[in-house]
Amino acid sequence: MAGYNLEAIEAAPLKEDLDIVIPTIRSLDFLEQWKPFLKHYHLIIVQDGDPSINIQVPEGYDYELYNRNDINRILGPRAGCISYKDGGCRCFGFMVSKKKYIYTIDDDCFVAKDPSGKEINVIAQHIKNLETPSTPHYFNTLYDPFRDGTDFVRGYPFSLREGVTTAISHGLWLNIPDYDAPTQLVKPRERNIRYVDAVMTIPKGVLYPMCGMNLAFNRELIGPAMYFGLMGEGQPISRYDDMWAGWAAKVVCDHLGFGVKTGLPYLWHSKASNPFVNLKKEHKGLHWQEDMVPFFQNLRLSKESDTAAKCYMELSKMTKEKLTEVDPYFEKLADAMVAWIEAWEELNPSVVDGKDVKAK
């Protein structure tokens, strides 16, 4: 653990380096409880649905609020790549941010407590996860060796102990678990009461179901790959926005040599969504995931794709070539992926030797 001062990381708020992105259709009263932990950070609120609704934000927060009219104005003809009436609209906030890190949270999530009764500072733990290395090439049976009180176990190759840069920190939830509609219907009263005090790296080559309700990532490294797809109203699928982003971003992280962690921190997920409504939104995805997951498991990106944006452009072509045979929707999704990268680069030009670098 030499070289990593975890106490300093926890003490440093990094408020100049992190934006908090919140998608919502309602006033954000839930932020009152979060004030001790979030009030020092800049919020980017993405209002979904009817832009004429007045969203109320508790006093004391520094924030920007964007609605659909703003998205249309800023992105112009590419605005269609941002989902409507779907939590995937949050990725617009990722695009307009200028910070190194993003933390995104849903508006039905509250501060959780650890087994000792202490309130959990989700930002501090996500920062720890992101600012210490991941170990995707060899599994450590004591999980994250960069946490206090642990290390690499006997038999762990010294050549791999430096680890790799962490790009994604995936947090979890107490109370309402993130289940799909069929599982909700079978287990309507099930609650997650298990607090597992662990952080672990997801191994290279292994996919996972990423949930967007408690998620942090390094925007500079992986931002262009954090596209939450084209979902919601007008599309045949919803509630797979974060799944798509998670699969794509993990493949890109593996290709570029970055790591993904999951586990701590926990928050309190307060409200179960309607399983019958969810089933209507998910039913195609429940079938399509049996093709989408193998697609991501088997694809290989080229050496020329050496940035997240280039990787995502290549991925858009593969999506059109391989998944359109599953359903014509995927051709529309692939076009939206291209529009997303074009819009990202227009708002976030990369400069190398004084020249803009575009992903082609």
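Select Thr135, Tyr138, Phe139, Asn140, Tyr143, Met200 and Thr201, and you have its lining on screen. The structure holds one cavity of 30 Å³ or more. For the terms: on a 1 Å grid over the protein atoms alone, a cavity is a set of points where a 1.4 Å probe fits but cannot get out, a pocket is an open set with protein on both sides within 12 Å along at least five of seven lines, and lining residues have an atom within 4 Å of a point. Grid points are joined across faces, edges and corners, and a volume is the space filled by probe spheres set on the points.

Some ground rules before moving on. This is a predicted model, where local features need pLDDT of at least 70 and side-chain atom pairs count only at pLDDT 80 or more, while totals for chains, interfaces and linings use all residues. Residues are numbered from 1 along each chain as its sequence is written, and side-chain values use heavy atoms, with hydrogens and water left out.

**The largest pocket**

Next, which residues lie nearest the centre of the largest pocket? Pick Asp106, Asp178, Arg239, Ser273 and Asn278, out of 49 residues in the lining. The space in this pocket comes to about 1400 Å³. Now colour β1 (18-24), β6, α8 (241-256) and α9 (275-298): each of them supplies at least two lining residues. The largest share, six residues, comes from α9. Helices (H or I, at least four residues) and strands (E, at least two) are DSSP runs here, numbered from the N terminus.

Stay on Arg239 for a moment. You'll find Arg239 in the loop between α7 (219-222) and α8, and its phi is near 65 degrees, a positive value in a residue other than glycine. Arg239 counts as partly exposed because its relative accessibility is 25%; buried means under 20% relative accessible area, exposed over 50%, and partly exposed in between (1.4 Å probe, protein chains only).

Look for Lys85 in the loop between α3 and α4, where its relative accessible area of 45% makes it partly exposed.

Then jump to the peptide bond from Leu264 to Pro265: it is cis, with omega near 5 degrees. Pro265 sits in strand β9 (residues 259-269).

**Rings**

Time for the aromatics: there are 19 aromatic pairs in the structure. Rings of Phe, Tyr and Trp (its six-membered ring) pair if their centres lie within 6.5 Å; planes under 30 degrees apart count as stacked, over 60 as edge-to-face and the rest as tilted.

Select Phe94 and Phe217. Why is this pair edge-to-face? The ring centres are 5.0 Å apart and the planes stand at 80 degrees, so the pair gets that label. Phe94 belongs to helix α4 (residues 91-96) and Phe217 to strand β8 (residues 214-218), so the pair ties together parts that are 123 residues apart in sequence. Both Phe94 and Phe217 are buried.

Phe295 and Phe296 make another edge-to-face pair, 5.0 Å centre to centre with 70 degrees between the planes. Phe295 is buried at 10% relative accessibility, and Phe296 is buried at 2%.

Arg161 lies over the face of Phe158, 3.7 Å from the ring centre.

**Side chain to backbone**

Two polar contacts come next (a pair of N or O atoms within 3.5 Å; within protein, one must be able to donate a hydrogen and the other to accept it, and residues adjacent in sequence count only if both atoms are side-chain atoms).

- Asp70, in helix α3 (residues 68-75), has a side-chain polar atom 2.9 Å from the backbone nitrogen of Asn67. Asp70 is buried, at 17% relative accessibility.
- Ser97, in the loop between α4 and β4 (101-105), reaches the backbone nitrogen of Lys99 with its side chain at 3.1 Å. Ser97 is buried, at 1% relative accessibility.

**Last stop**

Finish at Arg154, in the loop between α5 (122-131) and β6 (166-175). Arg154 is exposed, with a relative accessible area of 86%. An unreviewed UniProt entry annotates Arg154 with "glycosylation site"; UniProt positions are given in the numbering used here, feature names are shortened, and annotations may be inferred rather than shown by experiment.

How values were computed. Lys NZ or Arg CZ within 6 Å of the ring centre and 35° of its normal.
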